[in-house]
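Reader: I am new to this structure and would like to be guided through it. Could we look at it together, one topic at a time?

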Amino acid sequence: MSKTQPDLLPGTLDMLILKTLTRAPLHGYGIAQSIKRLSDEVLTVEEGSLYPALQRLLLQGWVKAEWKMTDTRRRARYYTLTATGRKQLGLELSQFEQMIEAIGRVLRDAEA
Amino acid sequence: MANLSRLVRRLALLFHRERFRGELDEEMAFHREQTERELIGDGMSADRARSEAMRRFGNPASLRERTHEAVGFRLETVLQDLRFALRLLRRSPGFTALAILILALGMGTCVAIFGFVDAALLRPLPYPDAGRLVDVNENATLWPRSPLSYPDYLDWKRINHSLSALDLYNGTGYLLTTPSGTEPVPGVRVTDGFFRTLGVRPLLGRDFLPGEDRAGSGRVVMLSYGTWVKRFGSRSDIVGRVVTLSGDAYTIVGVLPRDFQFAPQGQAEFWAPLNTLTHCEQRRSCHSLWGFGRLREGVTVQAALADLESIAKQLERQYPESNRDQGASVAPFSEIVLGNVRPVLVTLLCGAALLLVIACVNVASLLLVRSESRRREVAVRGALGARPARLVRQFLTEGLLLAALGSGAGCLVAVWMMSLLTKVVPEDMASGMPFLASVGMNSHTGLFAAGVALLAAALMTVTPVLRLSFRQIRAGLSEDGRTAAGRIWNRMGANLVVVELAVAVVLLVGAGLLAQSFYRLLHVPVGFDPSHLATVDLEAPASIQMQDAKLSTLDREIVRHISALPGVQSAGIASMPPVVCNCNTDWIRIAGKPFHGEHNEVNHRNVTAGYLATLRAPLLRGRMFTEADDGHSPNVVIINQALVRKYFGNENPIGQKIGDDDLSPNSMREVVGVVGDVREGALDADIWPTLYVPIQQSQDSDFTLVVRSSGDEAALLPTLVSALHRIDPGLGVYNEYTMSQRIELTPTALLHRFSTWLVVGFAAIALVLGMVGLYGVIAYSVSSRTREIGIRMAVGAQRSAIYRMVLSQAARLTGLGAGIGIVCSAASSLLIRDLLFGVKALDAPTLAGVAILLGAAAMAASFYPAHRAASLNPMNALREE
């Protein structure tokens, strides 16, 4: 939680979680680890935001949750992406790309 | 669809809360374990890994709550807050009960009084389009509003063009023969359009027909609803039946609706058309009929007054003797119904509002003390992860809960008070206040109550929240939380208590002034000895009314029989008892004095020989009447001192002659005596010149018997009634009262009594609340200065010095409150000066008395904390904290 780590852009956490789940069902700790690893430890998902976000996604019906056994024989709640969740991810990705592109254009223009 | 499934999921969550929480806990525990395992993998020791994992994970309670908030219902957290608030209130029942009681009292009083104000001032008259009803009467030198004479009425009605209707009413009494004997009943004679002008339709039968008030039309009568029920058993075939009133047969043509009321003649049972005029009523100079009318569309009261004034001027030119100085008086009809009640109600509403202010301030300061003692709780909860918004919401919920409970109780108090106050009004008086029937919980009072409740809620939520400046939370935890916070509280709490004391002073001064007025009113010199006097109103049997010889015999018989009763010292009869009104007047002229046709208005009373002696009115000159002063002897008169002062100055009036305007020979009377000023009018009215005439020379059909008893006059009343029935069963006997009762039951005395008792009650409550507030401030200040006091004593301060220190703080606050209060009460006393009698609005003794009372009460309230401070053991005090 050092100050040097950048905060997530608002609204991107849901997208990151959904994206992480496209490959395989994961538990909360796994999701946090996966995001951390894939971002080369730049992005840290705080537990304080992760679990409320997961509940929100559950409520929207974008993910499903079920209790399963882990490799280490521990009970854990695994989250799976649903069909509507996949659609939502597509929507958010395209919006996000549009925005990044727009920001990029502005920045390039400013540099030139 | 999506919304629906979301709702279903939320509902599922709501019902499986426990499972949700369990699963979340398990999930988070799993997360922490995994982190811990990872850290151990990186080479950290097990213990350090565990605490590092905990640290990274953060506050589980807060996380749980935020997760829950993300998905749960808002309502659920509200319920949680509510449960917590209830638990807190239950834990301190003393505080809760006190706060609710104070709020309920303040709010209940305010709403109850508003109920009366609303009924009286906002909806005064129960008639359609009542705003256009106006009181239309004449205006004479001594009377701003004097009744009309019948010939004037006819001219006004014919000539005016500002009124769509003009009608008359005249209260009268009828003798009704009932199975249990003769009973006098109140009635009213009205012109034929009376009910149409008011906009009232009969419940049964018909209204009076146009023309039914002309001489020679038949005797018909309408019944009040109560009379129909009480005397005629609500028979549906009542219309067309005949009832005998004072010996005449009247045909019942209609029954008035149940909610019909006519305040100026509130208790009337029978309503008859004004179609038989007395001799007096046929004269233009006989003013005995009250008028009221309905303004034409778009005509103002002022325009109507101007119109009628010009007619009056025209009549004055036409009939200079009778109509000299007779102008017009027009006022909204509601003025007549409410005139003397309005200032009382406004005063009471102001008093109740002040009481509400005190109550709210008191509860607010209670809350302050509480929020003070909860600083640490808040700090701890904040440190454990409660976010400020959530804490504020908790306090809001508590404030709202308290306000809701207080307001609920307040509404109950209001309903109870309204019914109590309505019942306390005596029936005679209530019948003159038609609005009393509509006092109660209705949409108006409900809205007002809701407004007051909202205000109270706002105050009770804002106070503690303002107090908890959340930036100071950490300070509250680290510091001992006393010094800075204590200072702020002392200042705020002290300000609040000064407000309370100032308001209490305003109410106390008002109460003091009203109480003095009331006392002075009841002890105003009446000019006779009212103790041991029993009185009964009488009406001569219908068979002998207007027959002077028979009436004479009746008077003598009554006085002779009653005087012979055991326990009776003397008895007398008068056409009207004292302390009623300056009315039944004559226009007089004194022989040999300059006269220019002005109307010299004086009270006229017909009395028996022993009447003035029975009253113990002092004889100042000449002689009292004797049995010899009768219809066969020369006409004589006794006058009061006021008449002497006004018309004779220093001259000796004995032997002078007084007559009517024309000094017509048979009106001339010789003055034989002068008596002291017996108060004929109301307690707060001026003494008018009055003349007393032997009843044998000027007969009345209704009169009052006054009896001086040697023992208990109240016990004598039943004996009198049965003796009177024995003398003549046809005699109407009513209004048996002692003279003191009559004086206390006069409208003036009753109004003063009500306003005095209520305001004194308000002031007493205000004083108690103010003292509770002062005690709170002083006690808190002492407890927060325990250590300081200990140090002072350790370095040699005497106990007396500690007393002085604490008491002087109380004295400073009290002085400040009293000072502000006295300045404010100067303004408020001016507002109530209409209600004052015999005492000035700025009355130094009252102000001094209030200041002394407040000072004494304040010293009493702060003595206990001072005593506790002074008896501290310095060693214990220093060790504390």
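**The sheet and its neighbours**

Author: This is a predicted model.

Reader: How many bridges join β1(A) to β3 of chain A?

Author: Two bridges join them, and the strands run antiparallel; β3(A) covers residues 75-81.

Reader: In what order do the strands of the sheet come?

Author: The open sheet of chain A has three strands in the order β1-β3-β2, with antiparallel pairing. Its edge strands are β1 (26-27) and β2 (63-69), each of which pairs on one side only. In general, strands of a sheet pair through backbone hydrogen bonds.

Reader: Which helix of chain A packs on the sheet?

Author: Helix α1(A), residues 12-21, touches β1, β2 and β3 of chain A, and its direction makes about 95° with that of β3(A). From chain B, helix α2 (residues 17-41) lies across β1, β2 and β3 of chain A, at about 100° to β3(A).

Reader: At what angle do α2(A) and α2(B) pack?

Author: The angle is about 45°, and their axes are 8 Å apart; α2(A) spans residues 28-38. An angle between 35 and 65 degrees counts as oblique, so α2(A) is oblique to α2(B). Among the residues making the contact are A:Tyr29 and A:Gln33 of α2(A), and B:Phe30 and B:Gln34 of α2(B).

Reader: Turning to charges, how many salt bridges does the structure hold?

Author: Over all chains there are 37 salt bridges. One joins the side chains of A:Asp14 and A:Arg56, at 3.5 Å from N to O. A:Asp14 lies in α1(A) and A:Arg56 in α3(A), residues 47-60, so the pair ties together parts that are 42 residues apart in sequence.

Reader: And which residues form a nonpolar patch on the surface?

Author: A:Met99, A:Ile100, A:Ile103 and A:Leu107 form that patch, with about 360 Å² of accessible area together. A:Leu107 lies in helix α4 of chain A, residues 83-111.

How values were computed: Residues numbered from 1 in each chain as written. Chains lettered and ligands numbered in written order. Predicted model: local features only at pLDDT ≥ 70, side-chain atom pairs only at ≥ 80, totals over all residues. Heavy atoms only, no water. Patch = residues over 30% accessible without salt bridge, like charges linked within 9 Å, V, L, I, M, F, W, Y side chains within 5 Å. Areas by Shrake-Rupley, 256 points an atom, 1.4 Å probe, with all protein chains shown as cover. Salt bridge = Lys/Arg side-chain N within 4 Å of Asp/Glu carboxyl O. Helix = DSSP H or I, 4+ residues; strand = E, 2+ residues; numbered from the N terminus. Pairing = 2+ DSSP bridges. Contact = heavy atoms within 4.5 Å. Axes fitted to C-alpha atoms, helices over the stretch in contact; angles between N-to-C directions. Parallel < 35°, antiparallel > 145°, perpendicular 65-115°, else oblique.
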